[in-house]
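Let's take a walk through this structure together, one region at a time. Have the sequence and the 3D view at hand as you read.

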Amino acid sequence: MRLATLNLGEKEAAAIRCRLQYFPLATINDRLGTDWPEAILPLLEANRLEELRTWFDGGGEKEMLGRLSKEGIPHDRAVPGPLYRRPGKIWGIGLNYAAHAADLSEKPPTFAPASFMKPDTTVIGPGDDIRIPPQSNRTTAEAELGVVIGRSCKNVEEENWLSAVAGFTCVIDMTAEDILRQNPRYLTLSKSFDTFFSLGPELVTPEEIGDIAALTVATVHNGNVHAQNTVAHMTFSPGRLVSFHSAVMTLLAGDIISTGTPGAAVIAHGDSVECRIDGFAPLVNPVVDLKIKEFEQR
């Protein structure tokens, strides 16, 4: 099953993707008499995603395509937003591909993931501007596979990690690299500017994916693949990341683990950045340098 959050006039609302249409949960509730939470984060927090998926696979999809076919939103006309705007926790993972660590003249971590946290005020969605702040002259964008936690969990065993996962999504993570290079203790600062975490456009549940380790993640800059690698080449697999971080702190429904990038592209005013993952709807964002925008407005 694939879920998205769509911009519907004055509100954002969750919708299920059926083939080339989206059906808002609010419409499904109204027409079919169901009572699903109408936004993704409340759906996860109510622990009803699996119930929704079971309904969808057990006849819900057929019912939507039949009774609601004229009320679906065509895929090419939908305006997706971030999956949700206020995740409880965002864990980022640095240097999780050895090749990317080599690009930065760093040694990949081996004892533990190079983890950091980001505030929810960094979150934007597909098509929103990535804003390079006045404080940075060298900002990078990094495509990543995002893992969305589906339930409150603690000390998850690595072999059972998928039991704690709602699904996966595309992420573009930004870094003010020039700030970070001044001092490694500036990692949180360099990662925390507004618009520095793009999320979406779809939540893809695990059964939609064959072999997660075989997925290719690519950072695409101005239409060209800047760097790509497969999940299998991560130093710490998604399962290990879920297990490790759940041993540090309780993970909650809607928490996100962004699993690391195959390569970071330096971005500039007017650029376009894309996260491209096999079988996922792509995540694309334009870039605006606030220093240039301010100059142009004078």
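Predicted model: local features only at pLDDT ≥ 70, side-chain atom pairs only at ≥ 80, totals over all residues.

Start with helix H3, residues 49-67. A straight helix of 19 residues would span 27 Å, yet the end C-alpha atoms of H3 are only 22 Å apart. Look along H3 to Gly59, and you will find a bend of about 65° there. Several residues of H3 are buried, namely Leu49, Leu52, Arg53, Trp55, Phe56, Gly60 and Met64. The cover over these buried residues includes strands E1, E2 and E3, along with helix H1 (25-32), helix H2 (40-45) and strand E10 (165-176).

Three of those covering strands deserve a visit of their own. Strand E1 (residues 2-8) runs antiparallel to strand E2 (residues 11-18), and six bridges join them. Within this pair, Asn7 faces Glu12 of E2. The two strands make a hairpin with two residues between them, and Gly9 in the turn has a positive phi of about 70°. E2 then pairs with strand E3 (residues 21-24), again in the antiparallel sense, over four bridges. Here Ala15 stands opposite Pro24 in E3. The hairpin of E2 and E3 likewise has two residues between its strands, and Arg19 takes a positive phi near 55°.

Is Thr195 buried or exposed? Its relative accessibility is 2%, so Thr195 counts as buried. A polar atom of the Thr195 side chain lies 2.9 Å from the backbone nitrogen of Arg131. Leaving aside residues up to four places away in sequence, Thr195 touches Thr121, Thr122, Ile124, Asp129, Ile130, Arg131 and Met174.

Finally, a look at the cysteines. A disulfide is a covalent bond between the sulfur atoms of two cysteines. How many disulfides does the structure hold? The count is zero. Cys275 is in no disulfide, and the nearest cysteine sulfur, that of Cys170, is 3.9 Å away. The cut-off for a disulfide is a pair of sulfur atoms within 2.5 Å. Cys275 counts as buried because its relative accessibility is 0%. Cys153 is buried too, at 4% relative accessibility.

How values were computed
Residues numbered from 1 in each chain as written. Heavy atoms only, no water. Pairing = 2+ DSSP bridges. Buried < 20%, exposed > 50% of the residue type's maximum accessible area, 1.4 Å probe, protein only. Polar contact = N/O pair within 3.5 Å; in protein donor to acceptor, adjacent residues only side chain to side chain. Contact = heavy atoms within 4.5 Å. Expected span 1.5 Å × (residues − 1). Bend = angle between axes of the 7 residues up to and from the residue.
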